[in-house]
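Please open the model in a viewer and keep the selection tool at hand.

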Amino acid sequence: MLTTTYVPGAPNWLDLGSPDIDASAAFYSAVLGWEYQSAGPEAGGYGFFQQDGKTVAGLGPLTEEGASPSWTVYFHTPDADATAQAVEQAGGTVRVAPADVFTYGRMAAFTDPTGADFAVWQPRDTGGMEVVAVPGTLSWVELYTTDAAAAKAFYDSVFSWQTTDVQMSPELTYTVLRPSGTGEEATHGGLMQLPQANLDAGSTPEWHPYFEVSECDATLARATEHGAILLIPAMDVEGIGRIAMFLDPAGALFAIIKSAGPSG
């Protein structure tokens, strides 16, 4: 499970790019109970989602040309510049070159060879999210990809993740991810091949977050009441928990989970 003891390759930051900061802040406040705190005028409109005074994610305006509203998952790196080189050598693209964010840390943003965007965070003053894996916070990250084999090879080259394949059905293999050198208790996410039906419907490769919730169905009701589009109705996944997936009112994809384990 996720912890705030961040190791290389583990998710350590998450932010939402939105065309309307106020509207996004209001939506996630209503659905997950977050409060929004602006980082001030020098931050270019960027700010922080907080729960009980602890930062759980970031929120900022869309800054890249042609960008769509989306959540971006950041993975811990001890050296953003070295990771950028590794991404290029493995066939990925550097979208945002490594750069310092005041004294908080150093970030860079990439696109993997299948077309999914992600980023890295090299901590300095700010280590990352201050709380995870409890209701109202990030508990899992997931990659939908058009080429699971290529994606696994790419991320192995960049982060040296350890992977475990789980056969969910005759047609679906789910790959569970964890940082290099850790045990199964450190799993942080998964990846899966997009089914042909999803591709036919226009789905594209992307990373998305799962937020832990106390009650899946109640949270689902709040999300749809406040303008979210339901993509996957609430469903039980044996041994995992109860999940649902949405597009928020701006079009950013996210999921919720009431875990079967202790984090729920």
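## A tour by selection

Begin by selecting Gly 227, which follows helix H5 and has a positive phi, near 105°. The model in view is a predicted one.

Next, select helix H5 itself, residues 216–225. Which residues of this helix are buried? They are Cys 216, Thr 219, Leu 220 and Ala 223. With the view turned down the axis of H5, these buried residues fall within an arc of 105°, so they line one face of the helix. Then display what covers them: the cover includes helix H1 (21–32) together with strands S14 (229–237), S15 (241–247) and S16 (253–259).

Proceed to the pair formed by helix H2 (residues 80–89) and helix H3 (residues 148–159). Their axes are 9 Å apart and the packing angle is about 150°. As angles over 145 degrees count as roughly antiparallel, H2 and H3 are therefore roughly antiparallel to each other. Their crossing is right-handed. To show the contact, select Thr 83, Ala 86 and Val 87 of H2 with Phe 154, Val 158 and Phe 159 of H3. The residues of this contact comprise five nonpolar and one polar, with no charged residue.

Finally, select Gln 162, which lies in strand S10 (residues 162–169). Gln 162 is partly exposed, its relative accessible area being 24%. Beyond its neighbours within four places in sequence, Gln 162 contacts Val 176, Leu 177, Arg 178, Pro 179, Ser 180, Gly 181 and Thr 182.

Definitions and conventions: Residues numbered from 1 in each chain as written. Predicted model: local features only at pLDDT ≥ 70, side-chain atom pairs only at ≥ 80, totals over all residues. Heavy atoms only, no water. Axes fitted to C-alpha atoms, helices over the stretch in contact; angles between N-to-C directions. Helix = DSSP H or I, 4+ residues; strand = E, 2+ residues; numbered from the N terminus. Parallel < 35°, antiparallel > 145°, perpendicular 65-115°, else oblique. Left-handed = near helix turned anticlockwise from the far one by under 90°. Contact = heavy atoms within 4.5 Å. Nonpolar A, V, L, I, M, F, W, Y, C, P; charged D, E, K, R; others polar. Buried < 20%, exposed > 50% of the residue type's maximum accessible area, 1.4 Å probe, protein only. Arc of directions from axis to C-beta.
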